[in-house]
2 protein chains.
Amino acid sequence: MSPVSPVRGVFTPALTPFAADLSVDQDRFLEHCKWLLANGASGLAVFGTTSEANSLTVQERMQALAALVDAGVSPAVLMPGTGCSSLFDSVTLSKHAAQHGCLGVLLLPPFYYKSVSDDGIFATTSEIIQRVGDARLRIYLYHIPQMAGAGYSLPVIGRLTREYPKAVVGIKDSSGDWKNTEAILRNFPGFETFSGSETFLLDTLRLGGAGCISATANVNAAGIAHLVDTWKDSQADDIQKRITTLRKAFEKYPMIPALKATISRQRHDDSWNTVRPPLRPLPPQAGKDLAARLDELGFVLDAVSETVR
Amino acid sequence: MSPVSPVRGVFTPALTPFAADLSVDQDRFLEHCKWLLANGASGLAVFGTTSEANSLTVQERMQALAALVDAGVSPAVLMPGTGCSSLFDSVTLSKHAAQHGCLGVLLLPPFYYKSVSDDGIFATTSEIIQRVGDARLRIYLYHIPQMAGAGYSLPVIGRLTREYPKAVVGIKDSSGDWKNTEAILRNFPGFETFSGSETFLLDTLRLGGAGCISATANVNAAGIAHLVDTWKDSQADDIQKRITTLRKAFEKYPMIPALKATISRQRHDDSWNTVRPPLRPLPPQAGKDLAARLDELGFVLDAVSETVR
């Protein structure tokens, strides 16, 4: 048995609600974060892909994070995304997160230039760690090559964990490639490995992984957390099947608008449909189709722990 | 004959020199920009892909632009890149450029999210124009889908030019797909169309296009400008061949480090080799191979107008 990761569970890349003028709706953001933590989320990977973080400015991200902490959300459960296309922006955000005592940061590699070398990814991460210069910095690498156009290869993970064993502590593998997640788990025991989707959660936990950081944890953190609590039990495969079925209902649509449309519908709150360009709200017919499928599955947001288990 | 574009010539996406601490080397930047304008460049598309612009912060870009203008570079020849992954950053930079009286801005679409809809690209551009709210804003769309993961389709160009005929005035097509450039030229006469490489310059000019905005104009603006001046002459195809040959010498290597290495070598200035991560300097052997090839072609940076013509 591989060593068990010290940080475990379901981390939610919390959606970012917007006001009609497209500014961050801090009240709804706080409300959503508190609701997630009260309903299954072990922590919040705020400012991830699902959070439309790369449609926010550096200033907006720092203000929204500080406001969460000021409003009583413990930084010990926060893992903000801090990786930007500009090195110095990544330094600014990572330093800010460390200074606020966050559990860790979820670090995208720079995502504009393509065909970037392993050496370039290592150099970027290394510069960030040295420029932040804060022993509290704990980095979770964010591997999502299909979106970022760059990623953390196994050799880069090896080099980073050897060079910076205290700073580089884990990874979120959103490649969707289980073979890659499996290779990370087998090659780096003790490295805190999160699957980027609950589809691979049971497999990840069985190999000593930490859990998952998944978009659909915005609507089903409790259902996913139930598997983290019971993965050694005989019914674990059945629970895995049920949470995968719900996930697949969302995967038929653009994920972020689909999640926002679902919260909007279940909370009777039109405002939740707002996305920032370049994203667009879910078209009405897609919204109806998704809602019908969710009704079929008996999905109710505020009773999710009962209905999805 | 298609109408001739009012803005014409070779625009250089000026390289950004960095100091050893990776900060923008404003002195070398100014020197390079002035040298380009004195040696063939009609204008400068500062903060493009070749400028490592997406490795810079918004603040760095505004400071460097203002410093150029303060140092006497006419804003009437400046076309700064202003498209970021965050809508509000694009607004900030575009407003800043318009307020400084720049000829135009070169607008990347938001480049993090993939599979973005035409409607999302239109909405982004539309929001930028409305939020900038400055009649001086002139946008050149920057189409480089292989890097940005998003681009401006023909229907989007049509919709934008119909809706905002005074603001959306041209395009840089860096797709490398001549069929696409040709379709833009044929469908939108009078739209200021620049090829993203001098390889297609003669073809672009013959269809009424504006010129090119090309990375290699950092080392060969004079040679490329010579074709713009003489494209109707009988030797135009020969000149096209010669500038294409030089371009191809660079295309064998990572373009930005190769250009910086060439300037570094020709100016005997090591500092020019510095790139910002995730890019890495050109490896020594590649640098030697490139230099040998350039020697073979008789390339001399400061005598480029003689040697390359």
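Modeller: In this predicted model, Pro278(B) sits in the loop between α11 and α12 (284-296) of chain B.

Colleague: What kind of peptide bond joins Pro277(B) and Pro278(B)?

Modeller: The bond between Pro277(B) and Pro278(B) is cis, with an omega of about 20 degrees. Most peptide bonds are trans. In chain A, the bond from Pro277(A) to Pro278(A) is also cis, with omega near 20 degrees, and Pro278(A) is found in the loop between α11 (255-267) and α12 (284-296) of that chain.

Colleague: Why is α10(B) called roughly perpendicular to α11(B)?

Modeller: Helix α10 (residues 236-251) of chain B packs against helix α11 (residues 255-267) of chain B at an angle of about 110 degrees, with the axes 9 Å apart. Angles of 65 to 115 degrees count as roughly perpendicular, and therefore α10(B) is described in that way relative to α11(B). In the contact, Arg247(B), Phe250(B) and Glu251(B) of α10(B) meet Met255(B), Ala258(B), Leu259(B) and Thr262(B) of α11(B); by class, these are four nonpolar, one polar and two charged residues.

Colleague: What makes Leu22(B) count as buried?

Modeller: Its relative accessible area is 6%, and buried means under 20%, so Leu22(B) is buried. Leu22(B), in the loop between β1 (9-12) and α1 (26-38) of chain B, has a positive phi of about 75 degrees although it is not a glycine.

Colleague: How do you know whether Glu52(A) is buried or exposed?

Modeller: For Glu52(A) the relative accessible area is 0%, and with the cut-off for buried at under 20%, Glu52(A) is therefore buried.

Definitions and conventions:
Residues numbered from 1 in each chain as written. Chains lettered and ligands numbered in written order. Predicted model: local features only at pLDDT ≥ 70, side-chain atom pairs only at ≥ 80, totals over all residues. Heavy atoms only, no water. Axes fitted to C-alpha atoms, helices over the stretch in contact; angles between N-to-C directions. Helix = DSSP H or I, 4+ residues; strand = E, 2+ residues; numbered from the N terminus. Parallel < 35°, antiparallel > 145°, perpendicular 65-115°, else oblique. Contact = heavy atoms within 4.5 Å. Nonpolar A, V, L, I, M, F, W, Y, C, P; charged D, E, K, R; others polar. Buried < 20%, exposed > 50% of the residue type's maximum accessible area, 1.4 Å probe, protein only.
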